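Subject: Structure handover

Hello,

Here is the structure for you to look over. My notes follow below it.

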Amino acid sequence: MKRLLLSSVLILAVLWLSLNSLRHAASAPLNQDQPRNKEASNPPTPTPPKPSHPKYPHPTESNQQSAYDKRGTQDQPLIIKSLETPESAQERAYKRAERDEESTNDRWVLIWTAVSALATSTTAVIAGITAGIAIFSLRAIRDQVEANRVAAKAAQDAADATTKTVKAMQDTAERQLRAYLFVGVEKCPNLSAPAAPEFRIFIKNAGQTPAHDVFHWTNMGILPFPLREEPPGPDPSSPMIKTVIAPGADFVAEHKGPPILTAKAIAAIQDGSQYRLYAWGQVLYRDIFGINRTTKFRFMHGGPDISPGTMHYCEEGNDAD
């Protein structure tokens, strides 16, 4: 903006100088013509010629001068002085008219030159103002574009923050309201006499919303201790029964193992150094948000570190999502 004001001041100064030049140019020829007009109005008065009487030389005098008069020779050449004929009134009027015409022509040339200079200066002023307005407009557009970019970035950041906030709220709501199923042992196998082992598990919903389409499978067997590989999966022939577990409710399931515990097997389980009795399985369900969930469990019995009549959670094989 400062540059635009400075340019306008300079342009106005040039315009003022051009107008002064125009004024002086228009007045100068008139001042120069005044002496000429004064001379033309007061021409010199011609002096009447005096009557001349021819003087005839004396015969003796003429003979004496011819002996030593050298005028008209190479040593003393003759000088002829031309006398101008006085101008007539008509000639003076004609010359005065020519001077007036030349003065008028010069005046118009100066006027047109000044007008051209003024037009050029005006064009330069208009061009300068137009350029200044264009520069100012471009800067304003650039500033507006930058402001729009900053505003768009701020809006995008706000939208991202809102999205993150909403996602965090959704995650918090899911964590607080979803169903959580975990498995515990309610009855342990009886190892006092050879028989098929029996145990009872419960599935409890510790969440605030129901668990839908609840299905579980369980296996039991004597496996090496410690386990070197994952135990086998569910029996394909087992029935698939689904149920719903309300918040805070339990689902109890009783299982009877297929292997028959002999006295030798019971002794090996109680020793626990090489073999132990394991029970494992999974619980599959769908929470209120439509997400499928899985709970894995694994228990073992046997060895001197486990009390009789109890089953402990294994170090691995217990997980939930």
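What share of the contacts in the protein chain with a separation of 6 or more comes from residues 24 or more positions apart? The figure is 71%. Bear in mind that this is a predicted model.

Overall make-up first. The protein chain holds 4 helices and 9 strands. Along the sequence they follow the pattern α-α-α-β-β-β-β-β-α-β-β-β-β. The chain has 321 residues, and 22% of them are buried. Its accessible surface is about 23,200 Å². Carbon and sulfur atoms account for 59% of that surface.

Next, a sheet. Three strands make an open sheet, ordered β1-β2-β5, with antiparallel pairing. β1 (181–187) and β5 (250–256) are the edge strands, and each pairs on one side only. On average, neighbouring strands here are turned by 25° against each other, direction ignored. Strand β2 (residues 198–205) is joined to β5 by 7 bridges. Look at phenylalanine 202: its bridge partner in β5 is valine 252.

Now the charged pairs. The count of salt bridges is 10.

Two of them to check in helix α3:

- Arginine 149 and glutamate 146 meet through their side chains at 2.6 Å, N to O. They sit 3 residues apart in helix α3 (residues 89–177), so about one helical turn separates them. Arginine 149 is partly exposed, at 47% relative accessible area. Glutamate 146 is also partly exposed, at 38%.
- Aspartate 157 pairs with lysine 153, with the closest N and O atoms 3.2 Å apart. Both lie in helix α3, 4 residues apart, about one turn of the helix. Aspartate 157 is partly exposed, with a relative accessible area of 39%. Lysine 153 is partly exposed too, at 48%.

Another pair spans the sequence. Glutamate 230 forms a salt bridge with arginine 298, and their closest N and O atoms are 2.9 Å apart. Glutamate 230 is in the loop between β3 (211–224) and β4 (243–245), while arginine 298 is in strand β7 (residues 292–301), so the pair ties together parts 68 residues apart in sequence. Buried or exposed, what does glutamate 230 count as? Exposed, at 60% relative accessibility. Arginine 298 counts as buried, at 7% relative accessibility.

One network is also worth a look. Glu186, Arg200 and Glu254 are joined by salt bridges that share partners.

Over to you.

Best wishes

How values were computed: Residues numbered from 1 in each chain as written. Predicted model: local features only at pLDDT ≥ 70, side-chain atom pairs only at ≥ 80, totals over all residues. Heavy atoms only, no water. Pairing = 2+ DSSP bridges. Helix = DSSP H or I, 4+ residues; strand = E, 2+ residues; numbered from the N terminus. Axes fitted to C-alpha atoms, helices over the stretch in contact; angles between N-to-C directions. Buried < 20%, exposed > 50% of the residue type's maximum accessible area, 1.4 Å probe, protein only. Contact = heavy atoms within 4.5 Å. Areas by Shrake-Rupley, 256 points an atom, 1.4 Å probe, with all protein chains shown as cover. Salt bridge = Lys/Arg side-chain N within 4 Å of Asp/Glu carboxyl O.
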